[in-house]
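This report describes one part of a protein model. Please look at the sequence and the structure first.

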Amino acid sequence: MAIERIYLDWNATAPLRAAARDAMLDALAMPGNPSSVHAEGRAARAVIEKARRAVATLVGAEAAHVTFTASATEAANQVLSPVYRMGKSRVGLGRLYVSAIEHPAVRAGGRFPKERVTELAVTPAGLIDLDALASTLAGHDASEGLPLVAVMLVNNETGIIQPIREVSTIVKKFGGLLVVDAVQAAGRIPLSIADLGADFLILSAHKLGGPKGVGALVSQGETFMPEPLVRGGGQEKGHRAGTENLAAIAGFGAAAERMSADLVSRNAGIAALRDRAEAGIVSAAPETVIYGRSETRVGNTSFFHLPGLKAETGQIAFDLEGIALSAGAACSSGKVGASHVLTAMGEDAATGALRLSIGPDTTESDIDRFLDAFVKIAARRKPAGQAA
Ligand code: PLP
């Protein structure tokens with residue numbers, strides 16, 4: 001008999017919400033091009049504008065400031081541009097500063113050449129080092145152009161929430177622009193682009209129950225915008241050409257609307273389940289290291305290292321027990337590499353860590369099944385120092 005699967009990998013991608021699926025199916029049945037002026041076109045346009053309002057509401061932004069893209073990665077490549085536009089004039093940005101724990105979508109540096117990208121240190125606790133940020137920006141050569149800084153709000157591996165308000169104060173002091181990857185934060189914590197002090201937010205639909213392959217770049221204003229990445233027609237007010245992916249955008253909007261509702265209470269319930277998992281882990285194997293446990297984290301994520309168990313081996317063992325979780329971040333090749341996040345925190349990343357990430361569908365019995373498997377796997381591991 002096949003064992004029932006339990007999905008505990010919501011940070012890799014979240015299951016599609018029913019409301020998103022319904023909205024997508026409705027949109028797929030619509031014949032019009034959103035740029036057409038006839039009734040069919042206007043109906044398609046209305047779907048996009050409704051989704052735009054829902055995404056804007058999720059992050060406390062204005063609908064007019066949401067640009068849909070094909071992924072958060074595309075939004076990152078758009079916004080991490082050495083050339084910006086202010087009305088008709090072009091403005092050069094001198095250097096990109098990215099935190100050492102950014103997702104590869106941001107860490108790759110977008111359209112900046114490698115020699116114009118500087119990495120920002122994090123503390124052993126996994127938080128951006130604010131003193132190092134201030135001293136790095138103090139050394140910025142203004143003759144190169146303005147500094148562009150990218151710091152994520154919630155780390156995808158540890159779930160740690162970064163002090164973006166403080167980051168923004170420092171970045172503004174040095175006249176820089178701040179890009180915040182809010183992919184793992186949206187739908188998990190209340191968000192307001194203005195309160196964060198961010199100039200831009202990057203979002204992805206599939207982390208909050210929308211479809212894969214659609215994201216957004218959200219700006220706080222419109223005076224200063226990055227040079228478009230995808231050029232062509234005038235869609236998305238010229239910021240992103242190409243006929244819009246109507247169904248995907250509709251699904252994104254529906255998921256955003258769903259996730260905006262009951263955000264605080266829903267996430268309190270999710271955090272209680274995550275805490276139950278961590279209490280069980282520590283009681284079964286007190287030597288387990290849980291990263292960021294004493295920091296402010298989102299409630300759905302637990303990133304832990306069980307001495308004597310290589311993360312890759314652990315991931316396979318859980319999979320065989322019917323449980324999907326990750327060894328660090330899921331990368332495109334499916335290979336498990338050393339975690340750059342742990343390395344940046346000064347941890348020994350060689351054996352890696354396992355990430356459990358849950359969501360609104362996770363139940364107490366899922367967590368208990370996970371803990372039963374954890375106890376079995378912990379008992380089977382090799383003595384410390386001989387990681388299997
Ligand atoms: N940023 C973070 C923090 C992520 O976790 C991810 C997805 O793994 C991305 C960016 C990239 O998102 P997308 O898959 O939409 O390109």
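The model is predicted. Three strands form an open sheet in the order S11-S12-S14, and the pairing is antiparallel. S11 (289–290) and S14 are the edge strands; each has a single partner strand, so one side of each lacks a neighbour in the sheet. Helix H9 packs on this sheet and touches S11, S12 and S14. The direction of H9 makes about 15 degrees with that of S12. Strands of a sheet pair through backbone hydrogen bonds, in either the parallel or the antiparallel sense. Between S11 and S12 (residues 301–305), the antiparallel pairing runs over 2 bridges. Valine 289 has histidine 305 in S12 as its bridge partner.

Two residues can be set side by side.

| Residue | Relative accessible area |
|---|---|
| Glycine 280 | 18% |
| Serine 357 | 0% |

Glycine 280 is part of helix H9 (residues 263–284). Glycine 280 counts as buried because its relative accessible area of 18% is under the 20% limit. In sequence, glycine 280 and aspartate 372 are 92 residues apart, while in space their C-alpha atoms are 9.3 Å apart.

Serine 357 belongs to strand S14 (residues 354–357). Serine 357 is also buried, at 0%. A polar atom of the serine 357 side chain lies 2.9 Å from the backbone nitrogen of tryptophan 10. Leaving aside residues up to four places away in sequence, serine 357 touches Leu8, Asp9, Trp10, Asn11, Asn300 and Thr301.

Note on methods: Residues are numbered from 1 along each chain as its sequence is written. This is a predicted model: local features need pLDDT of at least 70, side-chain atom pairs count only at pLDDT 80 or more; totals for chains, interfaces and linings use all residues. Side-chain values use heavy atoms; hydrogens and water are left out. Helices (H or I, at least four residues) and strands (E, at least two) are DSSP runs, numbered from the N terminus. Buried means under 20% relative accessible area, exposed over 50%, partly exposed in between (1.4 Å probe, protein chains only). A polar contact is a pair of N or O atoms within 3.5 Å; within protein, one must be able to donate a hydrogen and the other to accept it, and residues adjacent in sequence count only if both atoms are side-chain atoms. Contact means heavy atoms within 4.5 Å. Two strands pair if DSSP finds at least two bridges between them. Axes are lines fitted to C-alpha atoms, for helices over the stretch in contact, and angles run from 0 to 180 degrees between N-to-C directions.
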